[in-house]
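Please keep the sequence and the model in view while reading.

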Amino acid sequence: MATAFWERFTALCDQNRTTPNAVMLKTGLNTGNPPAWRKGRLPGTKAAKTIAEYFGVSVDYLLEILFLL
């Protein structure tokens, strides 16, 4: 059960010709997290912010947060 986060993360990796594991290594994040994310777990605040900054996107975009008014 992949989440919107996992789909966005892997799409960003594909667009940038990298892998989730390579991103984790380059950013200093725990390489053990991606398997849990693939299964539906969401990243913590620090990891989400770090990944968003790495790809130059907002955390909102990465997590697909929609604000309903």
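This is a predicted model: local features need pLDDT of at least 70, side-chain atom pairs count only at pLDDT 80 or more; totals for chains, interfaces and linings use all residues.

When neighbours within four places in sequence are set aside, Phe-5 is in contact with Trp-37, Leu-42, Pro-43, Ile-51, Leu-62 and Leu-63.

## Overall architecture

The protein contains five helices and zero strands. Read from the N terminus, the order of its elements is α-α-α-α-α.

The protein has 69 residues, of which 29% count as buried. Among contacts with a separation of 6 or more, 51% are between residues 24 or more positions apart.

## Helix 1 against helix 2

Helix 1 and helix 2 pack at an angle of about 85°, and their axes are 9 Å apart. The two helices are therefore roughly perpendicular to each other, given that angles of 65 to 115 degrees fall in that class. On the side of helix 1, the contact is made by Trp-6, Phe-9, Thr-10 and Cys-13, while helix 2 contributes Pro-20, Val-23 and Met-24. Sorted by class, this contact has six nonpolar residues, one polar residue and no charged residues.

Cys-13 deserves a separate description. This residue is in helix 1, and Cys-13 counts as buried because its relative accessibility is 1%, which is under the 20% cut-off. Beyond residues up to four places away in sequence, Cys-13 touches Thr-18, Thr-19, Pro-20, Val-23 and Phe-55. Cys-13 and Phe-55 are 42 residues apart along the chain, yet their C-alpha atoms are separated by 8.5 Å.

## The loop between helix 1 and helix 2

Two residues of this loop can be compared. Is Arg-17 buried or exposed? Arg-17 is in the loop between helix 1 and helix 2, and it is exposed because its relative accessible area of 81% is over 50%. The phi angle of Arg-17 is near 50°, a positive value in a residue other than glycine. By way of background, most residues other than glycine have a negative phi.

Thr-18 is also placed in the loop between helix 1 and helix 2. Thr-18 counts as buried, however, because its relative accessibility of 14% is under 20%. Apart from its neighbours within four places in sequence, Thr-18 is in contact with Cys-13, Val-23, Lys-26 and Phe-55.

## Helix 2 against helix 4

Helix 2 and helix 4 pack at an angle of about 100°, with 11 Å between their axes. This pair is therefore also classed as roughly perpendicular, since the angle lies between 65 and 115 degrees. Val-23, Lys-26 and Thr-27 of helix 2 meet Thr-50, Tyr-54 and Phe-55 of helix 4. By class, the contact has three nonpolar, two polar and one charged residues.

## The two ends of the chain

Which residues does Thr-3 touch, not counting residues up to four places away in sequence? They are Trp-37, Gly-40 and Leu-42. Thr-3 is found in the segment before helix 1, and this residue counts as buried because its relative accessibility of 12% is under 20%. Thr-3 and Lys-39 are 36 residues apart in sequence, and the distance between their C-alpha atoms is 7.7 Å.

Glu-64 lies in the segment after helix 5 (59-63). With a relative accessible area of 38%, Glu-64 is partly exposed, because this value is between 20% and 50%. Setting aside neighbours within four places in sequence, Glu-64 is in contact with Ala-4 and Arg-8. The side chains of Glu-64 and Arg-8 are joined by a polar contact of 3.1 Å. Glu-64 and Arg-8 are 56 residues apart along the chain, and their C-alpha atoms are separated by 8.2 Å.

Conventions. Residues are numbered from 1 along each chain as its sequence is written. Side-chain values use heavy atoms; hydrogens and water are left out. Helices (H or I, at least four residues) and strands (E, at least two) are DSSP runs, numbered from the N terminus. Buried means under 20% relative accessible area, exposed over 50%, partly exposed in between (1.4 Å probe, protein chains only). Contact means heavy atoms within 4.5 Å. A polar contact is a pair of N or O atoms within 3.5 Å; within protein, one must be able to donate a hydrogen and the other to accept it, and residues adjacent in sequence count only if both atoms are side-chain atoms. Axes are lines fitted to C-alpha atoms, for helices over the stretch in contact, and angles run from 0 to 180 degrees between N-to-C directions. Angles under 35 degrees count as roughly parallel, over 145 as roughly antiparallel, 65 to 115 as roughly perpendicular and the rest as oblique. Ala, Val, Leu, Ile, Met, Phe, Trp, Tyr, Cys and Pro count as nonpolar, Asp, Glu, Lys and Arg as charged, and the others, Gly among them, as polar.
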